[in-house]
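User: I would like to learn how to read charged side chains in a model. Can we go through a case step by step?

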Amino acid sequence: QEQDGQAKRVEEEQTKRDEAEAQRKDQEEEFEERLAEAQEKWVSEGEERKEQVEGERNGQEQDGQAKRVEEEQTKRDEAEAQRKDQEEEFEERLAEAQEKWVSEGEERKEPADGERKGQEQDGQAQRVEEEQLKRDETEAE
């Protein structure tokens with residue numbers, strides 16, 4: 001019985017392999033037929049399409065070249081517009097900063113004059129004090 005079971009399994013596996021091989025051959029034959037049909041069709045249509053394609057290709061090349069030129073011009077235009085926008089923004093910020101600086105400068109001018117006079121007096125007082133210290137040291141020696 002074991003030998004019969006083993007023989008039956010071997011026979012079933014062989015049958016499956018045979019069926020798979022037959023199916024593969026059928027698919028291969030079908031593929032070859034379709035390929036031959038497609039090649040015939042392609043050859044017959046090829047000549048008329050060749051002329052059409054060449055005309056299209058020439059037109060597409062011209063269209064493509066024109067499109068590339070247009071895209072490059074658009075990029076240049078966009079870059080120029082961006083540069084101008086940045087320049088205008090810079091000019092506006094500079095004008096605002098100058099206005100602020102001028103208005104703050106007027107406000108600071110008066111206190112700065114007073115501070116300068118006070119610093120001059122402080123500097124003068126410090127020099128007098130230093131000279132007095134030198135005289136005191138000289139005198140002490």
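User: Is E21 buried, exposed or partly exposed, and what is its relative accessibility?

Analyst: Keep in mind that this is a predicted model. E21 has a relative accessibility of 33%, so it counts as partly exposed.

User: Which residue does E21 form a salt bridge with?

Analyst: The general idea comes first. Side chains of opposite charge can pair when their charged atoms come close. In this structure E21 forms a salt bridge with R24, and the closest N and O atoms are 2.6 Å apart.

User: Why are E21 and R24 separated by about one helical turn?

Analyst: The two residues are three residues apart in helix α1, and therefore about one helical turn separates E21 from R24. R24 counts as partly exposed because its relative accessibility is 39%.

User: Which other residue forms a salt bridge with R24?

Analyst: E28 does, with 2.7 Å between the closest N and O atoms. E28 and R24 both lie in helix α1, four residues apart, or about one turn of the helix. The relative accessibility of E28 is 41%, so E28 counts as partly exposed.

User: What is the salt-bridge partner of E89, and how far apart are the closest N and O atoms?

Analyst: E89 forms a salt bridge with R93, with the closest N and O atoms 2.9 Å apart. Here E89 and R93 are four residues apart in helix α1, so about one helical turn separates them. The two ends of this bridge can be read by their accessible area. E89 has a relative accessible area of 39% and is therefore partly exposed, while R93, with 55%, is exposed.

User: Which residues form a negative surface patch?

Analyst: D26, E29, E33, E37 and E40 form a negative surface patch. Patch residues have no salt bridge, and each has over 30% relative accessible area.

User: What does the side chain of R83 make a polar contact with?

Analyst: The side chain of R83 makes a polar contact with the side chain of E80, at 2.5 Å. R83 is found in helix α1, and its relative accessibility of 39% is why R83 counts as partly exposed.

User: How far apart are R83 and Q126 in sequence and in space?

Analyst: Sequence and space are read separately. R83 and Q126 are 43 residues apart in sequence, and their C-alpha atoms are 56 Å apart in space.

User: Where is R135, in which helix?

Analyst: R135 is placed in helix α1. With 45% relative accessibility, R135 counts as partly exposed. Its side chain makes a polar contact of 2.8 Å with the side chain of Q132. R135 and E87 are 48 residues apart in sequence, and the C-alpha to C-alpha distance between R135 and E87 is 64 Å.

Methods:
Residues numbered from 1 in each chain as written. Predicted model: local features only at pLDDT ≥ 70, side-chain atom pairs only at ≥ 80, totals over all residues. Heavy atoms only, no water. Patch = residues over 30% accessible without salt bridge, like charges linked within 9 Å, V, L, I, M, F, W, Y side chains within 5 Å. Areas by Shrake-Rupley, 256 points an atom, 1.4 Å probe, with all protein chains shown as cover. Salt bridge = Lys/Arg side-chain N within 4 Å of Asp/Glu carboxyl O. Lys, Arg positive; Asp, Glu negative; His and termini not counted. Charge placed at Lys NZ, Arg CZ, Asp CG, Glu CD. Buried < 20%, exposed > 50% of the residue type's maximum accessible area, 1.4 Å probe, protein only. Polar contact = N/O pair within 3.5 Å; in protein donor to acceptor, adjacent residues only side chain to side chain.
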